[in-house]
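Take a walk through this protein chain, from the overall build to single side chains. Keep the viewer open as you read.

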Amino acid sequence: MPAEYVTRTRIAVDRDGAEAALDFPRAAGKGKARAAAVRRLAVIYKVHARHPYRVNHYNPASPDAPLTTPDELHLDVSGAPERVARYLSAVPRYLARVEALATKAACIYGRWIRSAAGEEALEYTGASGARAYARRFRADAFAAVADFLGISALPRYIDPAAPMWDQAARIAWDVVKAEGPVSLYAMHDETEVEELLAAADRTPDPAAEAFERELAELRAAERRRSARLFAALDGEELPADEAPVEEAAAEDVVEDQEDEELPAVELTPVQRRWLHTAAAHPEGFLPASVNLRTARSLGAAGLVQWTRPQGRTVPVAEAVWKLDAGEVRITAAGRRRAAAEERERVVIVACGGRKAVYADGVRKGEPVIGARAGELYVGSYHRAARRAADVLTRNGRAGRVLILSAKWGLVELDRHILNYNLKAGDPGTVDGETLRRQAHELGISGAAVTVLGGRAYVSLARQVWDELDTPLAGTRGIGEQLARFADTYAPERRPAKDAIEAAVVEELPTAEGASEVIKDTVRPVRVEQLGEGLPAMAGTVRTAEIATPTGRRHHAAGRMSRRAVGRPCPPAGGQPSRQPDSCTRLTPRIRARCSRPCSSGSAIGSSCGSPSRRISSRRRRVVFIGTVGTSASTAA
């Protein structure tokens, strides 16, 4: 069969129902006509075929948002497994038959074009116009053949004086009539039908298998009991290997096997997500947002059960419509299975204060209305947290990323939300009850959660989850938090940083010992040796950790002041110094603390060429301005 007309998917069988899909290539505009013809054929085979609706990505807040439209190149087929298999087997044969008859009608039109009547009718029509008429005739002939094939109906009246390209229906009727009677329901191949059913994907049903096994055991017990009864009536003795045994009642057999553990069925990530969600719920209920197929699969595995409002427990497979909240509850086997399954990883990122604005137009500079949550926050802190979250979840392949908004709560990245100006902890912040309800509906209440945010957002998250992973715990500011984000999404920077710190600064026992070590490791450099590069090197910063007498460890960081290096200062006598390279002008604050006379003979406190030190006992900082090798060094 020609496969270019349609692409069939494998049949998915779930209990007594089956589903499949048909995709039609565009084929220069013929795909929609073929899909329409195949959809009419579904009535003959008594299956349900429909066009699914497209998913339009638009702003729902816009008044010009278009309505969803059906995808006319795709068909979803559902029905009994045997009927669906016959329908899928007949579709390519049916299309090949219709295409062949439409091609015959097109050949008749081609012969007419080459005749004298056709040349006269197309005398004033160009080549492009003639091709347009031919395409139009071919499309109308295909639709007419699909209407007449296998259906006893008369064509609609067509004026014989109309041009040939307007008489496609009449010619198609003549072609179909010459073909003879056709049975559309006999177009399938039984051998192919068996192959399609054998290759179908069947959802395992452990509950049905256990029922069939129990029923077979009960019937076997009844047959043995009947055989013993007739043997006793006939006066026969039973063989030794068939000695009478007290048979358990049928009710006892079924009751004993209710506690039998069902065979483990491999769960999909979505099924594991909702199973953990039900296990985390106080009453064990599944949310109403669960897909009906997922609920049926969990029910077939014996992990959830459906309790009707009247209090009667029925199999979830009997549900036809979407189940309401509070009807499907997890079973004891489901809780054991949830404890053994790996939890889904969810990374929650705190919202940001800086929001997206319009870049141009009449609203330039104003906040964007109805933007997606993943595009609304444009601050550097939020972007760094998002980069770290993408690394933790491997860009969505190993988990989900959500945003914890102070106003809207837990939102997904593709959800459209309105702009707001609110921080966590301010009046109007989302409450814990709303967060718990959102987590249950999103299916993350039982997930392994990591929070990337400050203490206020961690406190909000702890109202939902008792166990949290907080990588930012212990940080003392935004700087350290950004550094931890950078260590996550750029781990290659950490070894280099550790190597530099280990090579430049060693741990110092006391603050007083810091000045002696620094003094020994610094070599004074003449000013003219540095040249014009000294102002640029004045911004070089070295960091280290020093131990204070109190036992606390501080990060030593300083910045070389540009005012500490400048023009040479005059000596005490007021005359210019003959040695400008041996002294530098210091700030008044440092000059007042200087205890060495200038090497050029100036007064104490004016300036000196030796390295300067400033020690503050209150802050326990040692600030040293000097050079190590050819670079400026600061230890604080």
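How many helices and strands make up the secondary structure of the protein chain? The chain has 21 helices and 20 strands. Helices (H or I, at least four residues) and strands (E, at least two) are DSSP runs, numbered from the N terminus. The model is predicted: local features need pLDDT of at least 70, side-chain atom pairs count only at pLDDT 80 or more, and totals for chains, interfaces and linings use all residues. Residues are numbered from 1 along each chain as its sequence is written, and side-chain values use heavy atoms, with hydrogens and water left out.

Start with the whole chain. Of its 636 residues, 37% are buried. Buried means under 20% relative accessible area, exposed over 50%, and partly exposed in between (1.4 Å probe, protein chains only). Among contacts with a separation of 6 or more, 64% join residues 24 or more positions apart. A contact here means heavy atoms within 4.5 Å.

Now the surface. The accessible surface is about 37100 Å², and carbon and sulfur atoms hold 52% of it. These areas come from the Shrake-Rupley method with a 1.4 Å probe; for residues, only the protein chains shown count as cover. Leu229, Phe230 and Leu233 form a nonpolar surface patch, with about 360 Å² of accessible area together. Patch residues have over 30% relative accessible area and no salt bridge; like charges are joined within 9 Å, nonpolar side chains (Val, Leu, Ile, Met, Phe, Trp, Tyr) within 5 Å. Leu233 sits in helix α7 (residues 206-233). It is exposed, at 64% relative accessible area.

Next, the empty space. Rolling a probe the size of a water molecule over the atoms shows where empty space is left. On a 1 Å grid over the protein atoms alone, a cavity is a set of points where a 1.4 Å probe fits but cannot get out, and a pocket is an open set with protein on both sides within 12 Å along at least five of seven lines; lining residues have an atom within 4 Å of a point. Four cavities reach 30 Å³ or more.

The largest share, six residues, comes from α10.

Turn to the salt bridges. There are 20 of them, each a side-chain nitrogen of Lys or Arg within 4 Å of a carboxyl oxygen of Asp or Glu. Arg93 and Asp189 meet in one, at 3.7 Å, N to O. This pair links distant parts of the chain: Arg93 is in helix α2 (residues 81-113), and Asp189 is in the loop between α5 (168-179) and α6 (190-198), 96 residues apart. Glu179 bridges to Lys104, with the closest N and O atoms 3.6 Å apart. Glu179 lies in helix α5 and Lys104 in helix α2, so the pair ties together parts 75 residues apart in sequence.

Note on methods:
Grid points are joined across faces, edges and corners, and a volume is the space filled by probe spheres set on the points.
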